[in-house]
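Please consult the sequence and the 3D view while reading the points below.

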Amino acid sequence: MKKIKYYYNTNTLRYEKLETPLHVKLLRVLGFMSAAIVTSIIIVSVAYRYFPSTKEKALMQYNEQLQERYWVLDEQVAKMQQRMIQLEERDNDIYRTIFEANPIPDSMRAKDMAQQKELEMVASMTNYELENSIVHSLRNLENRMASQEKSYVEITSFIKNKEQLLACTPAIQPVSNSDLKRMASGFGYRIDPVYKTVKFHAGLDFAAPQGTPVYATANGAVKTAGNLGNGYGNHVILNHGYGYETLYGHMYKVKVRPGERIKRGEIIGWVGSTGKSTGPHCHYEVHKNGRHLDPVYFFYNDLSPEQFDRLLKMSSSSNQSFD
């Protein structure tokens, strides 16, 4: 039975029945409902946070397994990357050095290579991000291995062509010099015979009587033959390939023509004193990719170690050049 409440009315001096207005009742109902909803939300949030459902537990366990697998794969990828680095260094520092080939830059081995993100970020990655990270690393390795495989194919071709490479590398003296008495001036800064100033001498001078045969020091093709008015007089430039060129200057007469194929040891002309020269001699230069090299290091085919040591000392002595 509903209780009836009364209150004392001081105006009428009587007890009157207490009646609650409708808007007050509505406000009380709304307040109760709001408090109940807020309380429910708090309870549900706490429950979901600290008491996950069976499905959530399964998903969390699966996510942990994925992360563990990622760590294993990441470790394997790191080992594979380390092996690739060793292979690339071996390729550049050993194989390509032996065959005098230019090293392959990393940009060619993996055009889209990028630094891996910090490992501590893995824990916050989604499954999609983990998959993308693994795919990116494997694609990186795939690109690098493909490029490395191409490099080894190229090196294999170098091995097959090693005999040709050796035949095209300057290896003998340009004039007969078995007694080593024809070395007149070496490579480096020497006194110019005309201007009497110190100038860079880009080759070796072999003093010999006019008409002494001049020999090609390696297989190649004649690039230049004749007098171009550049101070070398009658001279020949041979292109040997693999970046090598040789120059033979101040000849009395040139025997070969541009474009002609020449073998090592063939006569290409005869010693003279044409051009800027103070006496009969053969001025001999060796170029590699446009850079002047000391020719004394390219006489390994016709000299013993003792002869080479003697020739090296003669070429390094400071004196006046013939041109």
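Glu-245 is buried, at 18% relative accessible area (buried means under 20%, exposed over 50%, partly exposed in between, with a 1.4 Å probe and protein chains only). The model is predicted: local features need pLDDT of at least 70, side-chain atom pairs count only at pLDDT 80 or more, and totals for chains, interfaces and linings use all residues. Residues are numbered from 1 along each chain as its sequence is written, and side-chain values use heavy atoms, leaving out hydrogens and water.

**Salt bridge**
- The whole structure holds one salt bridge (a side-chain nitrogen of Lys or Arg within 4 Å of a carboxyl oxygen of Asp or Glu).
- Lys-223 and Glu-245 form a salt bridge through their side chains, at 2.9 Å from N to O.
- Lys-223 is partly exposed, with 47% relative accessibility.

**Aromatic residues**
- Six aromatic pairs are found in the whole structure (ring centres of Phe, Tyr or the six-membered ring of Trp within 6.5 Å; planes under 30 degrees apart are stacked, over 60 edge-to-face, the rest tilted).
- Tyr-244 and Phe-298 make an edge-to-face pair, because their planes meet at 80°, with ring centres 6.0 Å apart.
- Tyr-244 is buried at 3% relative accessibility, and Phe-298 is buried at 10% relative accessible area.
- Tyr-248 and Tyr-284 form a tilted pair, with 5.3 Å between centres and 40° between planes.
- Ring pairs join Phe-206, Tyr-248, Tyr-284 and Phe-299 in a cluster.
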